[in-house]
Amino acid sequence: MQGFIKYQFKSYIRSFKIIPPAATFLIWIVVLYHYSGVEILSSYAVSSIVLYIVTTWIAMSLFSIEEEAEKNMLFVQVGKVNYLLGKWMISFLIALALTLFSIFYPLLLGSFKETVQPVHFGLSIYIHLLFAIFGILVGSFSSITSFIPKRYTWLSAVLIIAITLSYEGIVEKLSFLKWLLLIFPPVVNVINFFEPDDLNYFGKEFWIFSSFAIIYSIIAFSALVKLFIKKES
Amino acid sequence: MLNYLRSGGGSVGNVILEASDLKKEIDGKEILQHVSFQIEEHASIAIRGSNGSGKSTLLKLLAGIYDPTSGKLVRNAKRIGYVPEHFPENLRFKLKEYLTLVATFQGMSETDIEAELSEYIRLFGIEPFTNTPLKKCSKGTKQKVGILQALLIKPDILLLDEPLTGLDTSSQLNLMAMLEKLKTKMTIIFTTHEDLLVDNIADQIFYVKDGRVLVHTETKSPHLVIKVRFSNKSVLLRLQLNEMHIEEDIAIITVSKDKSDDLLRKLLNNNCSVLDVRERI
């Protein structure tokens, strides 16, 4: 697996497809912390939402770097499931690097109005990585399943991101969609806790929603493996 | 229609591939159906058929790239090597770097990889291109890399999709010589339109006809393959030989056994040196 990760990483970097999403993210973070004296948790909430969008972009571009013959060879060389896991690992590792930049850049600049405590660190790493996982899920769903015709993959990813970010507004207007929308990543449910910038909000309810988000991710990844195998059969 | 095919002739060896009533549909279109066969270890099988008949689909099924829509396919092999018809055009690696990376997929140590790679690179005659980006390599070199990546993993089954595509005559002969050597070490299955490859390598032929029916015929026929060095090409052309491949001053001629004595006499009388005469496999 290590060899395949190395292969994929080199191939992706040399394709230059990482530049647009990574540059977008870095610029966004620089602009976000242009002003000092900003709130800690809500700022990290914003950067994690941007990471969600950018990781979707990265995952989708990662799934489009090979032509058919190369993909066929890789299927034989490493197996279909390892191929998929390798792509996810690369997406996650890149998201991890962006997360570290996103967390430490404002600290280096001293952008926050308060002193950052260990709990802020823990929560910021958690929210960034969770949203990176959501991004990988959305990007993968749009790229590797047979539900979405190839020409609509980007459109479907944008649509899913829009729905997940405007979940509350949609449910308010169209309450009958409440349960149907549960199939999408629970982005808003988790991010809502970060907006007040108050650690007191992180109680039992936060952990319930977090557990749901993690269970959701595990189920979604398992379902994606099955859908991928079905598509590539 | 069910065709039950057993490769390898008389005695029954270990079955390495077994297909039972395979069916494959792609986008709702039936490509293969009712396909059943057994392939024994160290068999060499040519898959033949017209364009679009389903040859490559069958090869991809055997490789595990595709899964059958229905039916059962058992692979008693630890490792399978697959060589696509067209080597990918956009690989972003240098030749040796690519092969080294592929070898690491199987957990080979760097020392083993280096030793093995050097041997193969020398054997395939691609030393001058080891540090050349694959995008800049010729079609023939890429084809060789395609075969090398499959051999590096030490496969029990080697699957090749139109392996002679894009190779010049010299490379074709080299590849055939190599496949002949490999025949004793692994099972080789290839799709091809080339008679030369079938004549020299295949024990058996699987015909994929109308994209649906798999037919099997023996390849063994009373033919001889004669290798001669000639000084005047027009002499050979005058003989009006049906199966002849010429590379520089060497010709490889396939002829039926009953005509071989007469042909050999004519070749010798016309100042050709007979280098090799052997039965077509």
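Me: How much area do chain B and chain A bury between them, and what does buried area stand for?

Reply: Buried area is the accessible area, taken with a 1.4 Å probe, that two parts lose on being put together, summed over both. In this predicted model, chain B and chain A bury about 2100 Å² between them, with 58% of it on carbon and sulfur atoms. On the chain B side, B:Ile65, B:Arg92 and B:Phe105 lose the most area to chain A, and together they make up 35% of what that side buries.

Me: Before we go on, how should I read the numbering and the model?

Reply: Residues are numbered from 1 along each chain as its sequence is written, while chains are lettered from A and ligands numbered from 1 in the order in which they are written. Local features need pLDDT of at least 70, side-chain atom pairs count only at pLDDT 80 or more, totals for chains, interfaces and linings use all residues, and side-chain values use heavy atoms, with hydrogens and water left out.

Me: How many residues of each chain are in contact?

Reply: Contact means heavy atoms within 4.5 Å. Here 26 residues of chain B are in contact with 23 residues of chain A.

Me: How many residue pairs are in polar contact across the interface?

Reply: A polar contact is a pair of N or O atoms within 3.5 Å; within protein, one must be able to donate a hydrogen and the other to accept it, and residues adjacent in sequence count only if both atoms are side-chain atoms. The rule finds twelve such residue pairs across the interface of chain B and chain A, both residues being at pLDDT 80 or more.

Me: Which elements of chain B supply residues to the side that touches chain A?

Reply: Helices (H or I, at least four residues) and strands (E, at least two) are DSSP runs, numbered from the N terminus. Helix 1 (55-63), strand 6 (80-83) and helix 2 (95-104) of chain B each supply at least two residues of that side. Helix 2 of chain B gives the most, with five residues.

Me: Which parts of chain A does the salt bridge of A:Glu39 and A:Lys113 tie together?

Reply: The closest N and O atoms of A:Glu39 and A:Lys113 are 3.5 Å apart. A:Glu39 lies in the loop between helix 2 (19-32) and helix 3 (40-62) of chain A, and A:Lys113 in the loop between helix 5 (80-109) and helix 6 (118-144), so the pair joins parts that are 74 residues apart in sequence.

Me: What about B:Lys96 and B:Glu114?

Reply: Their side chains meet in a salt bridge (2.9 Å, N to O). B:Lys96 is in helix 2 of chain B and B:Glu114 in helix 3 (residues 110-124), 18 residues apart. B:Lys96 is partly exposed at 24%, and B:Glu114 is partly exposed at 39%.

How values were computed. Salt bridge = Lys/Arg side-chain N within 4 Å of Asp/Glu carboxyl O. Buried < 20%, exposed > 50% of the residue type's maximum accessible area, 1.4 Å probe, protein only.
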